[in-house]
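Please open the structure in your viewer and keep the selection tool at hand.

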Amino acid sequence: MVKQKIIVEGGRRLQGEIPVQGAKNSLLPLLAATALCKGKTVLHNCPRLTDADAAFRILDCLGCKCSRESSVLTVDAEQVCDNQVPDDLMQEMRSSIVFLGAILGRCGSCRWSTPGGCELGPRPINYHTDSLKKMGVVIEEDGGFMNCTTPKGIHGAKISLPFPSVGATENIILAAVTAKGATEIHNAAKEPEVVDLTDFLNKCGAKISGAGGSTIVIEGVKELRASEHTVIPDRIVTATYMCCAAITRGELVLTNTKHDDLSAVFPIFEKIGCSVYTYGSDKIYINARKSLVSPGKVTTHVHPGFPTDSQPLLMALTAVLPGTTIFEENIFSCRYNHAGELNRLGAKIDVRERIAVVEGVKRLSGANVKAPDLRGGAALVVAGLACEGVTKISRISHIDRGYEAIEDVLRSVGASIKRV
């Protein structure tokens with residue numbers, strides 16, 4: 001594989017309009033859900049991402065027929081003939097575990113290995129496995145693999161999650177939609193991506209209520225039929241481009257957004273000093289021409305709190321804001337891998353376990369840096385836009401997992417950025 005880099009020459013003020021792509025964290029569970037639905041599912045607003053490509057290959061291995069035309073994906077799951085996900089695909093992305101619930105729901109058995117993905121600290125799969133065991137799934141270890149069977153079929157259960165895990169909530173839903181009886185998920189994840197998944201499944205004939213709240217109820221149905229659905233806008237990508245506007249003291253209009261999903265993000269930008277307005281059904285205007293200051297303290301929480309995925313992006317922005325910003329990370333224990341790389345650009349960030357203290361500096365300087373993970377890589381792009389000189393970012397395969405042609409998007413609004 002050819003190693004690529006993103007090269008950013010800082011100092012350009014961004015101005016213009018950016019249409020926001022569909023949500024990666026919604027698209028992947030939706031693709032898993034298509035395996036449950038007999039017939040041809042059509043998904044709109046699907047970005048070209050390497051994680052989506054990996055999900056496509058998983059569906060191919062299961063016997064589905066997949067195709068893409070621009071941003072429209074079609075999955076024909078009439079004949080699912082396999083129940084095993086190859087180890088290399090499981091290792092390629094963390095979200096591959098969401099296929100477990102879908103395959104069990106369709107085939108009644110599955111063989112899989114521990115998934116890979118970004119190293120952000122422990123993300124226990126026992127939330128998934130313990131829940132599925134309560135629904136009648138028998139799980140046995142076999143040389144690094146897990147053999148999952150349902151001797152008496154999957155049945156409904158009352159499940160209380162120790163933590164409102166998005167992935168575990170989605171896996172339970174996917175296994176429960178065609179199970180016998182009703183399933184209740186207590187302390188369920190409330191993220192918009194969970195709501196998007198249930199909206200799609202209900203179109204396909206599922207009976208799910210309560211999504212977006214702490215208790216979700218799923219009444220099992222005999223089967224699901226394929227449907228058509230539009231993936232929601234990506235709220236993390238939206239926050240990324242808002243950070244790009246702010247760090248360059250720019251002015252952007254973001255279209256194809258969903259205002260309600262950003263309720264915890266807007267107040268931070270307003271506190272910094274940006275002018276943020278929403279208008280129409282899907283547009284956001286951000287203007288950062290005023291003098292900006294540190295937001296003080298930023299604490300990540302599960303939805304509807306400030307999202308952990310936006311934390312690295314905001315940290316890049318606060319690195320050049322006057323004052324001290326304190327970040328408290330409450331979701332992942334290793335979510336500061338980007339801090340060291342930002343310091344290579346001249347930032348002053350001190351990390352102490354779950355706390356990171358950012359002392360704003362007047363300027364950053366371009367350097368060679370490596371993307372540590374998906375959002376950390378995007379944070380380096382944000383920082384590079386404000387650097388004096390040239391920033392060269394390697395390991396950009398991380399960025400490509402969640403951003404569609406980020407260099408093309410930013411160049412369209414005035415950035416000096418390219419991929420080599």
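## A walk through the model

Begin by selecting Ile7 and Lys418: Ile7 stands opposite Lys418, which lies in β27. Now widen the selection to the strands around this pair. Strand β1 covers residues 6-9, and its pairing with β27 is antiparallel, with 4 bridges.

Colour the whole sheet next. This open sheet has 4 strands, ordered β24-β26-β1-β27, with mixed pairing. At its edges you will find β24 (368-370) and β27 (416-419), each of which pairs on one side only. On average, neighbouring strands in this sheet are turned by 20° against each other, direction ignored.

A word on confidence before the next stop. You are looking at a predicted model. Its chain has a mean pLDDT of 94, and 97% of the residues reach 70 or more. Where does pLDDT stay under 50? Select residues 116-123 to see that stretch, for which the model has 25 contacts beyond four places in sequence.

Next, select residues 126-134 and 166-176 together. These are helices α5 and α6, which pack at an angle of about 30° with their axes 9 Å apart. The two helices are therefore roughly parallel to each other, and their crossing is right-handed. To see the contact itself, show the side chains of Tyr127, His128, Ser131 and Leu132 on α5, then Gly167, Ala168, Asn171, Ile172 and Ala175 on α6. How many residues of this contact of α5 with α6 are nonpolar, polar or charged? The contact has 5 nonpolar and 4 polar residues, and no charged ones.

For the last stop, find another sheet. Here 4 strands form an open sheet with mixed pairing, in the order β10-β11-β13-β12. Select 158-160 for β10 and 207-209 for β12: these strands stand at the edges with a single partner strand each, so one side of each has no neighbour in the sheet. Neighbouring strands here are turned by 15° against each other on average, direction ignored.

Finally, zoom in on β12 and its partner β13 (residues 215-219), which pair in the antiparallel sense over 3 bridges. Which residue in β13 is the bridge partner of Ser209? Click on Val217 to find that partner.

Conventions: Residues are numbered from 1 along each chain as its sequence is written. This is a predicted model: local features need pLDDT of at least 70, side-chain atom pairs count only at pLDDT 80 or more; totals for chains, interfaces and linings use all residues. Side-chain values use heavy atoms; hydrogens and water are left out. Axes are lines fitted to C-alpha atoms, for helices over the stretch in contact, and angles run from 0 to 180 degrees between N-to-C directions. Angles under 35 degrees count as roughly parallel, over 145 as roughly antiparallel, 65 to 115 as roughly perpendicular and the rest as oblique. A crossing is left-handed if the near helix is turned anticlockwise from the far one by less than a right angle, and right-handed if clockwise. Contact means heavy atoms within 4.5 Å. Ala, Val, Leu, Ile, Met, Phe, Trp, Tyr, Cys and Pro count as nonpolar, Asp, Glu, Lys and Arg as charged, and the others, Gly among them, as polar. Two strands pair if DSSP finds at least two bridges between them. pLDDT is the predictor's confidence in each residue, from 0 to 100.
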